[in-house]
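Here is my note on the model, point by point. Please read it with the structure open.

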Amino acid sequence: MTNAKDALLSVENLRLEIDVNGVWTPVVEDVSFEVRQGETLGLVGESGSGKSVSAMSLMGFMGRQRGQRVSGTATFQGRDLLRLNDRELESMRGNDIAMVFQEPMTSLDPAFKVGNQIAAGIRVHQDVTASKAKEMAIEAMDKVRIPNARVRADNYPHEFSGGMRQRVLIAMAIANNPSMLIADEPTTALDVSVQAQILTLLTEMKEDLGLAMIFITHNMGVVADICDRLAVMYAGQIVEEGDVFETFAAPQHPYTDRLLAAMPRITGPRGSLEWIPGSPPRPTDFSAGCRFAPRCRHRLESCERPTTLLEISPGRSNRCLRGTTWMEERES
Amino acid sequence: MSTDNIVMQTEDLKVSFPVRRAGHSTIVQAVRGVDIKLRAGETLGLVGESGSGKSTLARALMRLIPSEGTVRLGGRDVSHLKASAFRKERKRIQMVFQDPYSSLNPSLTVGASIAEPLKVHTKLTAAERAERVGEVLTLVGLNADYADRYPDEFSGGQRQRIAIARAIVLNPEVLVCDEAVSALDVSTQNQVINLLEELRDKIGLSYLFISHDLAVVRHISDYVAVMYLGEIVEEGPVDRIFEAAAHPYTQVLMNAVPIPDPVAQRATTKLLLRGDIPDPTNPPVGCTFHQRCPFAMEICGQQVPPKVEIPGGGIAKCHLHTSGPVLAGRPISTLTESPAATSPVPVSGHSEFSL
């Protein structure tokens, strides 16, 4: 939470509430993080933890319709994303921040050639002729290493494999030179071999174009591969945030610790797999105290107190009410 | 390697589908001569990418689709049985699918869903069926009185337990799990895997465990088979496969699994595959993997690699492990100074992306 001046995006107290039978129910609460120029932040958590909802709120896809409301601030290059009007929002999306989704098939229109779809996205944001936009689209396809971009631009989405479609989406996302990319589980639907190709491509894009990235995933292996920092979400809140190397070496929140321990690995001992008893609470059951406490092996009675994400060392924050004292009880 | 404890076996199993390509019909061979053996009480892990034919193989075993070749259940050839005769054998082999949300009928109580196979295959009375339903619910770690509830009251992990309860209600010998834990979060996934391992010991099940997740397969399997374009390209005991994969395809798959440790993961030299899985209606000549293989040699595009036994157990279909082409009755490699590579080294840097 330091160096506010270098932050490209600074999110503070993001809160998204949904009307559940007349009761405003927070789905995401007290979410604060920063993303610096050229940096990749991993937003990690299980399904329902609020990681996608947070990103969708920043992009204005959630929180603006009836039955939803958003609060907090999200400062991006001096402007608050949560307070943009519809026109500003339209111009921000794609131009400043672009998004890549999980499902490469449903994000493309099957009836149009991919080159034209990318070109259409360019013409929304840039005042260029149709033929110029088409040239720019081919250039973007080239950048994401689609072979024979010029020929492939005239193909329809179904003529591409899953991995190539995901490249088309990344081409579409970078076509307007955004400074930030939000990638929501972009490799989850892909085979591991294709996932490795896409992760390599994203790493190259981030280096070549100086892109900042928010990478949403449930896979700790993917975080270890591509992210500089990570924020772990549980039940609508960030429970731990920090540098990837430091956090993996010594997680400070018991949830992060258990999540890492549960990852099946392809090396090392092959004992029985770790799991966390119980399941995450639903938003209607969110408590004021530590939301992980009912499943935590280190909980104390005092864990019912309200929690805050505290910076405990430079660049590292933790929401555990016990700080790191729980570590002494850790079983080997 | 005795044959008496083999609960399921295939010999030269083939599945082909007619497809239409560019206006004319052609045949795609989705499974191209697969031999697998499943021993009692063991788990055979089947891995491969989408399009490799692993789910088609499972469906052929279940006789959900027609196939050629032989399938033996408990030593008996069931592949040539008429549908009516196969019905009696069907209870020996049951299946659990990926999506716990679509595999249970939402309008039936959990108990009614689980009892359905009992109605079809046994003469149990309603009371006896209810008792058996309670038994299997308890076996999968659920409360016996959940039988009266509906699927929408349960989480994904609980639904998968219910699907397992239904699959084991007839006391099968073999359970085919097709991506059975892939849709679950890691903690839930691990609970279901632990449950499967527990059931294996408790009621003597054997599993064919199909998954694209190599780390999960490593944890649950005794033996692993790797499928590519309809063939098993490598198989062997789980430790040999993961410690010394012999086929480049297996090596690439393992290399692609991101390690949840940034130090180790970033120190790994990535082996990237070239292009996509080839068109199965027109598979490449020679080794079907050669166009994408980081170690391809000339022979790979010419001759189909034979099955070669690998030290430590199992086989691989790869020319890197043969002595190469034969000239005048002698392997060429014995005529030259340098022997054929037996343990390929990873190429440095990234291979190119190309089609």
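1. The interface between the chains comes first. In this predicted model, 37 residues of chain B are in contact with 36 residues of chain A. Contact here means that two C-beta atoms, placed from the backbone, lie within 7 Å. On the side of chain B that touches chain A, helix H6 (186–203), H7, helix H9 (248–256) and helix H10 (262–267) of chain B each give two or more residues. H6(B) gives the most, with six residues. By class, that side of chain B has 20 nonpolar, eleven polar and six charged residues. Nonpolar covers Ala, Val, Leu, Ile, Met, Phe, Trp, Tyr, Cys and Pro; charged covers Asp, Glu, Lys and Arg; the others, Gly among them, are polar.

2. Conventions. Residues are numbered from 1 along each chain as its sequence is written, while chains are lettered from A and ligands numbered from 1 in the order in which they are written. As this is a predicted model, local features need pLDDT of at least 70 and side-chain atom pairs count only at pLDDT 80 or more, but totals for chains, interfaces and linings use all residues.

3. Chain B, overall. It has eleven helices and 15 strands. Helices (H or I, at least four residues) and strands (E, at least two) are DSSP runs, numbered from the N terminus. Of the 355 residues in chain B, 45% are buried. A residue is buried if 20 or more other C-beta atoms lie within 10 Å of its own, exposed if 12 or fewer, and partly exposed in between; C-beta atoms are placed from the backbone. Take the contacts in chain B between residues at least 6 apart in sequence: 62% of them join residues at least 24 apart.

4. Domains of chain B. Chain B splits into domain 1 (6–239) and domain 2 (244–335). The bounds come from an automatic or database domain assignment. The C-alpha centres of the two domains lie 29 Å apart. Their contact takes 21 residues from domain 1 of chain B and 22 residues from domain 2 of chain B. On the domain 1 side, strand S1 (6–21), strand S2 (24–34), helix H7 (214–220), strand S10 (223–228) and strand S11 (231–237) of chain B each supply at least two residues. S11(B) has the largest share of that side, six residues. By class, the domain 1 side has eleven nonpolar, five polar and five charged residues.

5. Which residues have the most contacts inside the largest nonpolar core? They are A:Ala137, A:Ala171 and B:Leu208, in a core of 197 residues. Such a core is a set of buried Ala, Val, Leu, Ile, Met, Phe, Trp, Tyr and Cys residues joined through C-beta atoms within 7 Å. Helix H6 (residues 162–174) of chain A gives the most to this core, with eight residues. Domain 1 (6–239) and domain 2 (244–335) of chain B both give residues to this core, so it lies between them. As for A:Ala171, not counting residues up to four places away in sequence, it touches A:Ile118, A:Ala140, A:Met141, A:Lys143, A:Val144 and A:Ile146.

6. Helix H1 (residues 54–61) of chain B is mostly covered, with six of its eight residues buried. These are B:Lys54, B:Thr56, B:Leu57, B:Ala58, B:Ala60 and B:Leu61. Just after H1(B), B:Arg63 takes a positive phi of about 65°. Elsewhere, B:Gly75 sits in the loop between strand S5 (68–73) and strand S6 (76–77) of chain B. B:Gly75 is exposed, with 12 other C-beta atoms within 10 Å. B:Gly75 and B:Met8 are 67 residues apart along the chain, yet their C-alpha atoms are separated by 7.3 Å.

7. Chain A, overall. Its secondary structure comes to ten helices and twelve strands. Of its 332 residues, 49% are buried. The C-alpha atoms of chain A fill a box of roughly 65 × 50 × 40 Å, taken along the principal axes.

8. A sheet in chain A. Four strands form an open sheet in the order S2-S1-S4-S5 (chain A), with antiparallel pairing. Strands pair if DSSP finds at least two bridges between them. Strand S2 (23–36) and strand S5 (79–80) of chain A are the edge strands, and each pairs on one side only. Two bridges join strand S4 (residues 68–76) of chain A to S5(A). The bridge partner of A:Thr75 in S5(A) is A:Asp80.
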